[in-house]
Amino acid sequence: MANLKDAFIVRPLPESEEFIITIGNHLATEEKFKSRKAAEMRINKTDWNLVSALFYALKEADKWAEKNPKLVKQNKEEK
């Protein structure tokens, strides 16, 4: 996948003229849109590659903290 925003899918609601945004089989937001274009504009409003980079960095930091509990404890005591 070249761009994470491509993971989002705009789908029409059954028996409605509204649209929703999903990622896989999961609802990405509870927000409903009056048009496909409005839903696509909502997706494009965020740089999803930056969001995913943030989550990756947080996950890496969490792994580091699990491997270095003494340093984490020492840092908390210094504050």
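This report covers the sheet, the nonpolar core, the salt bridges and one surface patch of a predicted model.

**Sheet**

Three strands form an open sheet in the order β1-β2-β3. The pairing is antiparallel. β1 and β3 (26–27) stand at the edges, and each has a single partner strand. One side of each edge strand is therefore left without a neighbour in the sheet.

β1 and β2 run antiparallel and are joined by five bridges. I9 has T22 of β2 as its bridge partner. F8 is bridged to I23 in β2. Further along, R11 stands opposite I20 in β2. The hairpin of β1 and β2 has six residues between the strands. In this hairpin, E15 takes a positive phi near 55 degrees.

β2 and β3 also run antiparallel, with two bridges between them. The hairpin of β2 and β3 has two residues between the strands. There, G24 takes a positive phi near 65 degrees.

How many residues of β2 are buried? Four of its five residues are buried, so the strand is mostly covered.

In soluble globular proteins, nonpolar side chains tend to be buried together. The largest nonpolar core here has seven residues: F8, V10, F19, I21, F33, A39 and I43. β1 (8–12), β2 (19–23) and α1 (36–44) each supply at least two residues of this core.

I21 is one of the core residues. Not counting residues up to four places away in sequence, I21 touches F8, I9, H26, L27, A28, T29, F33, A39, R42 and I43. Among these contacts, F8, F33, A39 and I43 are also core members. R42, another contact of I21, takes part in a salt bridge with E31.

**Salt bridges**

Side chains of opposite charge can pair when their charged atoms come close. The structure holds two salt bridges.

| Pair | N to O distance |
|---|---|
| E31 and R42 | 3.6 Å |
| K63 and E60 | 3.7 Å |

What does the pair of E31 and R42 tie together? E31 lies in the loop between β3 and α1, and R42 lies in helix α1. The pair therefore ties together parts that are 11 residues apart in sequence. E31 is partly exposed, at 36% relative accessible area. R42 is partly exposed too, at 33%.

K63 and E60 are both in helix α2. They are three residues apart, which means a separation of about one helical turn. K63 is partly exposed at 40% relative accessibility. E60 is partly exposed at 32%.

**Surface patch**

Helix α2 spans residues 48–67 and contains L54. Together with F55 and L58, L54 forms a nonpolar patch on the surface. The accessible area of the three residues together is about 330 Å².

Why does L54 count as partly exposed? Its relative accessibility is 49%, and exposed would need over 50%.

Note on methods
Residues are numbered from 1 along each chain as its sequence is written. This is a predicted model: local features need pLDDT of at least 70, side-chain atom pairs count only at pLDDT 80 or more; totals for chains, interfaces and linings use all residues. Side-chain values use heavy atoms; hydrogens and water are left out. Patches are made of residues with over 30% relative accessible area and no salt bridge: like charges are joined within 9 Å, nonpolar side chains (Val, Leu, Ile, Met, Phe, Trp, Tyr) within 5 Å. Accessible areas come from the Shrake-Rupley method with a 1.4 Å probe; for residues, only the protein chains shown count as cover. A salt bridge is a side-chain nitrogen of Lys or Arg within 4 Å of a carboxyl oxygen of Asp or Glu. Buried means under 20% relative accessible area, exposed over 50%, partly exposed in between (1.4 Å probe, protein chains only). A nonpolar core is a set of buried Ala, Val, Leu, Ile, Met, Phe, Trp, Tyr and Cys residues joined through side-chain atoms within 4.5 Å. Contact means heavy atoms within 4.5 Å. Two strands pair if DSSP finds at least two bridges between them.
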